[in-house]
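Dear colleague,

I am handing over the structure below, and I would be glad if you looked through it before reading my notes.

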Amino acid sequence: MTSKAFLYGFVLVLPLFLVSCGDDDLKKANAISNQKVVLNRDRTLGVEIIYSDSARVKAKGNAPIMDKVTPEGGGSYQEMIKGVKIDFFNANQPGVVDGTLICDYAIRRDQEMKTFFRKNVIVKNAKGDTFSSEELIWDESKKIFYSTQNVTIKTTDGNILNGVDFEAPQDFSTYKINTATGQAVLKDEIVP
């Protein structure tokens, strides 16, 4: 029995671009590179965040790490680099959890009054429906969650819906979604 060895060689050819800068471009680059950004960063471990409205606790969140960042020029934000888990409470029954939100990363921008939940965002509402996306945004002034990313909704009766341009109230009791596709489970009595 003979064996043969084959040697494959690959040559990768990449285009080479040469760029030159004029004196004006160098002056602009120097001005930008000389600017210093000063950030004040305070780190807190094991954070519990309580959201209340009209003296009622609406939600309670837990984050392993929260960094409060205050840039010198303003625009402070809180960054939860290890994610967050939020429990939403029933409006009529204090202390009863109606839903949850978990994600791997979150950032709250103070001036915008918005919180951006990113990476493996999963929300479960009071009915047991599950919403998942790579980004979900909480708008505090409008009291809505929304996303321009793909959102998947799995209902308790087995329906699966995918779409973009998602919007829901803070309790996820209803929702709107555009460009939707999905799978529906039909009951025996219902025939298309």
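The notes below go from the whole chain to its aromatic rings.

This is a predicted model, in which local features need pLDDT of at least 70 and side-chain atom pairs count only at pLDDT 80 or more, while totals for chains, interfaces and linings use all residues. Residues are numbered from 1 along each chain as its sequence is written, and side-chain values use heavy atoms, with hydrogens and water left out.

The protein chain has one helix and twelve strands, which are DSSP runs numbered from the N terminus (H or I, at least four residues, for helices; E, at least two, for strands). Of its 192 residues, 28% are buried, a word that stands for under 20% relative accessible area with a 1.4 Å probe, counting protein chains only.

The whole structure holds ten aromatic pairs; rings of Phe, Tyr and Trp (its six-membered ring) pair if their centres lie within 6.5 Å, and planes under 30 degrees apart count as stacked, over 60 as edge-to-face and the rest as tilted. One of them is the tilted pair of Phe131 and Phe166, at 5.7 Å centre to centre and 55 degrees between the planes. Because Phe131 lies in strand 8 and Phe166 in strand 11, this pair ties together parts that are 35 residues apart in sequence. Phe131 is buried, with a relative accessible area of 3%, and Phe166 is buried as well, at 2%.

Phe145 and Phe172 also form a tilted pair, with ring centres 4.9 Å apart and planes at 35 degrees.

Best wishes

How values were computed: Buried < 20%, exposed > 50% of the residue type's maximum accessible area, 1.4 Å probe, protein only.
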